[in-house]
Amino acid sequence: KRCYKCRAPRATAEFHDAGGRAGAPGLSAMPPRDPSLIGGIFGGLVFGTLVTALWIWFDFNMTRGFFYLSWLVGAGVAIGVVLGGRGRTSFPLVLFSVLLTALALVVGEYLIVSSILATEAHLDTSRIPIAQPEDVAAALPDLIRQAPLRPVLWVIALVTAWGVPWARLVGPAPDRRRLEDR
């Protein structure tokens with residue numbers, strides 16, 4: 001309930017739009033509404049599910065080379081959290097974005113490895129194949145050797161899941177040249 005920049009209580013402090021836009025409200029303007037925690041969680045879940053499903057579908061149906069789309073999972077979750085939070089975020093929503101992205105990456109990779117194992121074993125892949133956890137754990141190192149960029153993209157997804165809502169939380173950095181002119 002406090003501003004992350006100036007630490008003033010949001011309910012009592014004056015809101016100052018320092019964006020420099022023409023017609024900006026200046027001091028004593030109405031502060032923006034608080035972010036919606038439930039909406040942010042719901043938006044992150046919906047966008048995360050859609051982007052993860054898209055990533056798995058592309059990786060499985062487009063001859064295995066679309067692991068590059070895994071970073072979009074972090075972007076999708078982050079955008080869903082921000083949109084669901086009414087364009088604003090809170091610190092719990094930032095953490096939720098990262099945790100949901102990590103969960104989506106684990107589930108996505110699990111399903112991708114399961115589909116690879118099912119294809120190699122000539123099993124029915126018309127449904128979503130679910131392999132045993134020990135089989136997935138044994139096959140994952142070989143998959144990473146074939147595509148060594150895969151873990152780097154996981155890190156990019158997690159950084160994106162943190163960075164997008166965090167930037168909405170703390171706002172843009174002040175322009176030092178404008179501050180020095182004052």
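## Contacts and overall make-up

Among contacts (heavy atoms within 4.5 Å) between residues at least 6 apart in sequence, 66% join residues at least 24 apart. The model is a predicted one, in which local features need pLDDT of at least 70 and side-chain atom pairs count only at pLDDT 80 or more, while totals for chains, interfaces and linings use all residues. Residues are numbered from 1 along each chain as its sequence is written, and side-chain values use heavy atoms, with hydrogens and water left out.

The secondary structure comprises 6 helices and 0 strands; helices (H or I, at least four residues) and strands (E, at least two) are DSSP runs, numbered from the N terminus. From the N terminus on, the order of elements is α-α-α-α-α-α. Of the 182 residues, 34% count as buried. Here buried means under 20% relative accessible area, exposed means over 50%, and partly exposed lies in between, with a 1.4 Å probe and protein chains only.

## Helix α5

Helix α5 covers residues 150-170. Its 21 residues should span 30 Å at 1.5 Å a residue, and this agrees with its end C-alpha atoms, which are 30 Å apart. The expected span is 1.5 Å times one less than the number of residues. After α5 comes G171, whose phi is positive, near 80°.

The buried residues of α5 are R150, L153, W154, A157, T160, A161, P165 and L169. They lie on the same side of α5, because they cover an arc of only 160° around the axis; the arc is that of the directions from the helix axis to the C-beta atoms. The cover over these buried residues includes α1 (37-61), α2 (71-84), α3 (91-120) and α4 (133-146).

## Aromatic pairs

The whole structure holds 4 aromatic pairs. Rings of Phe, Tyr and Trp (its six-membered ring) pair if their centres lie within 6.5 Å; planes under 30 degrees apart count as stacked, over 60 as edge-to-face and the rest as tilted. One of the pairs joins W57 and F58 in an edge-to-face arrangement, with 5.3 Å centre to centre and 85° between the planes. W57 has 44% relative accessibility and therefore counts as partly exposed, and F58, at 23%, also counts as partly exposed.

Another pair, W162 and W166, is stacked, with 5.3 Å centre to centre and 20° between the planes. These two residues are separated by about one helical turn, because they are 4 residues apart in α5. W162 is partly exposed at 33% relative accessibility, and W166 is partly exposed with a relative accessible area of 29%. Together with F91, W162 and W166 form one aromatic cluster.

## The second largest pocket

About 230 Å³ of space lies in the second largest pocket. On a 1 Å grid over the protein atoms alone, a pocket is an open set of points where a 1.4 Å probe fits, with protein on both sides within 12 Å along at least five of seven lines, and lining residues have an atom within 4 Å of a point. Grid points are joined across faces, edges and corners, and the volume is the space filled by probe spheres set on the points.

The lining consists of A53, I56, W57, F60, N61, L111, S115, T125, S126, R127, I128 and P129. The elements that give two or more residues to this lining are α1 and α3, and α1 gives the most, with 5 residues.

## A138 in helix α4

A138 is placed in helix α4. At 59% relative accessibility, A138 counts as exposed. The C-alpha atoms of A138 and V113 are separated by 10.0 Å, and the two residues are 25 residues apart along the chain.
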